[in-house]
Amino acid sequence: VGEGGVVEPKRKFRFKVHFGNLNGSAFWVKTVNKPTFTINAAEHKYLNYVFYYPGNVTWNEITLTGVDPIDPDLAKTLATALDEAGYALPSTATEDPKTISKKDASAKLGEVYIQQYNSAGDVVEKWTLHNAWIREVKFGDLEYGADDLTQVDIVMKYDWATLAGDGAKK
């Protein structure tokens, strides 16, 4: 409950996404979906009946769409993050190949979190993505007939998410 007993709902446009170790960490993010989870069901058949029991929890990947500014260059930053996560283009057939590791991929991003704000600028919700790493990047489309901003779509995986903030209080 806000000032004067007025209830203030959370608004979709008051948010920031932070990548702890990337330059310009609060990129110009246009959209992001909050973390979601799925509880898998285990089925048990007994005589003519089927019973279901809750099983493992799977945290679903998130997708964010960012605007690609010239400085800091989001596309270049993400390409560099891929290199620093362990990916290397092969230069010769005899070169020892490098591979991406989860440790390096998540360490390159650092702490990843999504904050939602109220009208006064206070954080009311903070989702922290633990061991997050980038699974997919789409660098956007180009078109002569459009004057839209260039977008970058990022799909991220993570092991689990935690929620903190005053929005959970009664």
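Student: OK, so helices are DSSP runs of H or I with at least four residues, strands are runs of E with at least two, and both are numbered from the N terminus. How many helices and strands does the protein chain have?

Tutor: Two helices and ten strands. Keep in mind that this is a predicted model.

Student: Let's talk sheets. What's the strand order in the open sheet of four strands?

Tutor: The order is β1-β6-β7-β10, and the pairing is antiparallel.

Student: Which ones are the edge strands?

Tutor: β1 and β10 (160–164), since each of them pairs on one side only. On average, neighbouring strands in this sheet are turned by 15 degrees against each other, direction ignored.

Student: How many bridges join β7 to β10?

Tutor: Five, with the two strands running antiparallel. To find one spot on the model, look at Leu-129, which stands opposite Ala-161 in β10.

Student: I clicked on Thr-128. Where is it, and is it buried or exposed?

Tutor: Thr-128 sits in strand β7. It counts as buried because its relative accessibility is 10%, and the cut-off for buried is under 20%.

Student: What is Thr-128 in contact with, leaving aside its neighbours within four places in sequence?

Tutor: Its contacts are Glu-111, Val-112, Tyr-113, Trp-160, Ala-161 and Thr-162.

Student: Who's the bridge partner of Thr-31 in β5?

Tutor: Thr-65. Towards β9, Thr-63 stands opposite Val-155.

Student: Why is β5 called largely enclosed?

Tutor: Because five of its six residues (62–67) are buried, the rest of the structure largely encloses it.

Student: What does Met-156 contact, leaving aside its neighbours within four places in sequence?

Tutor: Its contacts include Phe-19, Ile-62, Leu-64, Leu-109, Val-112 and Trp-133.

Student: Helix time. Which residues of α2 are buried?

Tutor: In α2 (residues 102–109), the buried ones are Ala-105, Ser-106 and Leu-109. They cover an arc of only 90 degrees around the axis, so they lie on the same side of α2.

Student: What covers them?

Tutor: The cover for those buried α2 residues includes β1, β6, β8 and β9. After α2 comes Gly-110, whose phi is positive, near 75 degrees.

Student: Which residues other than glycine have a positive phi?

Tutor: Among them are Leu-47, with phi near 55 degrees, and Asn-131, with phi near 60 degrees. Leu-47 is in the loop between β3 (36–46) and β4 (49–60), while Asn-131 is in the loop between β7 and β8 (133–138).

Student: How exposed are Leu-47 and Asn-131?

Tutor: Leu-47 is exposed, with a relative accessible area of 70%. Asn-131 counts as partly exposed, at 35%.

Student: Last one: Gln-116. Where is it, and what does its side chain reach?

Tutor: Gln-116 is found in strand β6 (residues 112–117), and it is buried at 8% relative accessible area. Its side chain reaches the backbone oxygen of Arg-11 at 3.2 Å. There's also a polar contact of 2.9 Å between the side chains of Gln-116 and Lys-34.

Definitions and conventions. Residues numbered from 1 in each chain as written. Predicted model: local features only at pLDDT ≥ 70, side-chain atom pairs only at ≥ 80, totals over all residues. Heavy atoms only, no water. Buried < 20%, exposed > 50% of the residue type's maximum accessible area, 1.4 Å probe, protein only. Polar contact = N/O pair within 3.5 Å; in protein donor to acceptor, adjacent residues only side chain to side chain. Pairing = 2+ DSSP bridges. Contact = heavy atoms within 4.5 Å. Arc of directions from axis to C-beta. Axes fitted to C-alpha atoms, helices over the stretch in contact; angles between N-to-C directions.
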